[in-house]
Amino acid sequence: MVFTKDKTPRKPSKLYREWNPLKSKWCAAIRKGIEEIIPPKDAVVLYLGASTGTTVSHISDLTDEIIFAVENSAEMAIPLIRLAEKRRNIAPIFSDARDIEYIKKAMFGKKINILFQDIPSRDQVEILIKNSDEFADKNTQILFSLKTQSISQQNPDRTYREVTEKLKKHFLILKNISLDPFHRKHYFFVLSKI
Amino acid sequence: MKNDKIVEWNILRSKELVHEALNKDKIIIFFTRIAEDLKRYQNPNFYGRLKELYLLIYPYSNIQDPKILYKDMKKSDFDSKDGLILDDEERGFVKKFIDFLDDEQCKIKNKRAAVEEIEEIQAKLVRKYLPNSSKLVEAYILGKLIASVGGIDRISRMPSSTIQIIGAEKALFRHMSKHTSCPKYGLIYDSVRIGIKKGVKPREAGKRARQLANKLSLNLRVDYFRNFSKSQ
Ligand SMILES: C[S@@+](CC[C@H](N)C(=O)[O-])C[C@H]1O[C@@H](n2cnc3c(N)ncnc32)[C@H](O)[C@@H]1O
């Protein structure tokens, strides 16, 4: 099991929170052995597809730097903003992840160390490329959670291969795994810019 | 710029943007659920619903205590700084709902009057925001359709074949996993236009439901773009 030290403990006796791999692709990837993606204390993170902030809250436990958490659904953004009000290091960005100009403005020129994306849309690869073009450099760790079903209903293996080919044109693929059994038909990539 | 300033800026800015993005379908869904609760249960406790309403209007509030929440709602003018914006008529509707609740247990004081009133409010809201779609099917059905998919934006993107079977998801799931026959009876089938209660044969009912779903999906899109879509 993976635990993070809670930055906002409710009781003095409960200092650690369990990070659930069934609810978090980032955690699932760690559980499947990719330990180099545990963020260090000084990591600045751009997180695309933050939802209500389940995973973001654990990243916020781990880093003392800032997390830019992008989410475009109002319903999800409200709990995310509430979370950001309780913690000090989450900047909630209510925006489409495709809107690079707005995200750039909201980041005030901060350089990131980690770019993470978990957006189950048809153009998820393009969104990743766009954002890494703008915000990542060779040293940025790029983490990409792929949901093949959102791209095509065809055989997941086939979509996976097609996506891999596309990614190779823009990135070095450092690691790629399936997130089974935690998340079926989901894959996880550790990338860096060429 | 310092991190805490960046965080602060984003919290404020995001609150403003969320405020503008919140759609009135939330209040339609809310009254649809109240009407359903009243139909389904003898004497439901509405504390949970009251809290839902409170968080629609004051999404960043931290009030937990039911008594305080009730008191707060009782004297509220429902003028929201960062939640769902209500016009005068809608504030009146909300106030009526709260006035129906007793302060001890959040139960309805006069159920018969409440049922009538809430159903009327629900229908008024549906007709106001979905003037085209509500000419095709009954307001309560339309409300249930939207509530069950979670919002007008979602339903307006659905093909009519999906709209036709909303509410029959369980049967659809059975169909896909156990290869039973494909479900025909979605929420739409309750409409008088289909005529099930008048003894219309299943085959004919299926045909009518398909036609109705077709028209409905077009009209939902029109209503959505006229009254809900912010990107115009
Ligand atoms: C699978 S959830 C992410 C769960 C989250 N990563 C976690 O582990 O807690 C995907 C989220 O991406 C959001 N999303 C979808 N399309 C988006 C877009 N174009 N821009 C920003 N967010 C988007 C959805 O609203 C949803 O909340």
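Mentor: Let's start with a term: two residues are in contact when heavy atoms lie within 4.5 Å. This is a predicted model, where local features need pLDDT of at least 70 and side-chain atom pairs count only at pLDDT 80 or more, while totals for chains, interfaces and linings use all residues. Residues are numbered from 1 along each chain as its sequence is written, chains are lettered from A and ligands numbered from 1 in the order written, and side-chain values use heavy atoms, without hydrogens and water.

Trainee: Okay! How many residues of chain B are in contact with chain A?

Mentor: On chain B there are 22, and they touch 24 residues of chain A.

Trainee: Which side chains meet in a salt bridge?

Mentor: Lys15(B) and Glu85(A) do, at 2.5 Å from N to O. The rule (a side-chain nitrogen of Lys or Arg within 4 Å of a carboxyl oxygen of Asp or Glu) finds 1 salt bridge across this interface.

Trainee: And which helix gives the largest share of chain B's side?

Mentor: Helix α1 of chain B, residues 3–21, with 12 residues. Helices here are DSSP runs (H or I, at least four residues), numbered from the N terminus.

Trainee: New topic: how many aromatic pairs are there over all chains?

Mentor: The search finds 15. Rings of Phe, Tyr and Trp (its six-membered ring) pair if their centres lie within 6.5 Å; planes under 30 degrees apart are stacked, over 60 edge-to-face, the rest tilted. Phe46(B) and Phe97(B) make an edge-to-face pair, 5.7 Å between centres and 85 degrees between planes.

Trainee: Is Phe46(B) buried or exposed?

Mentor: Phe46(B) is buried, at 0% relative accessible area, and Phe97(B) is buried at 0% too. Buried means under 20%, exposed over 50%, and partly exposed in between (1.4 Å probe, protein chains only).

Notes:
Helix = DSSP H or I, 4+ residues; strand = E, 2+ residues; numbered from the N terminus.
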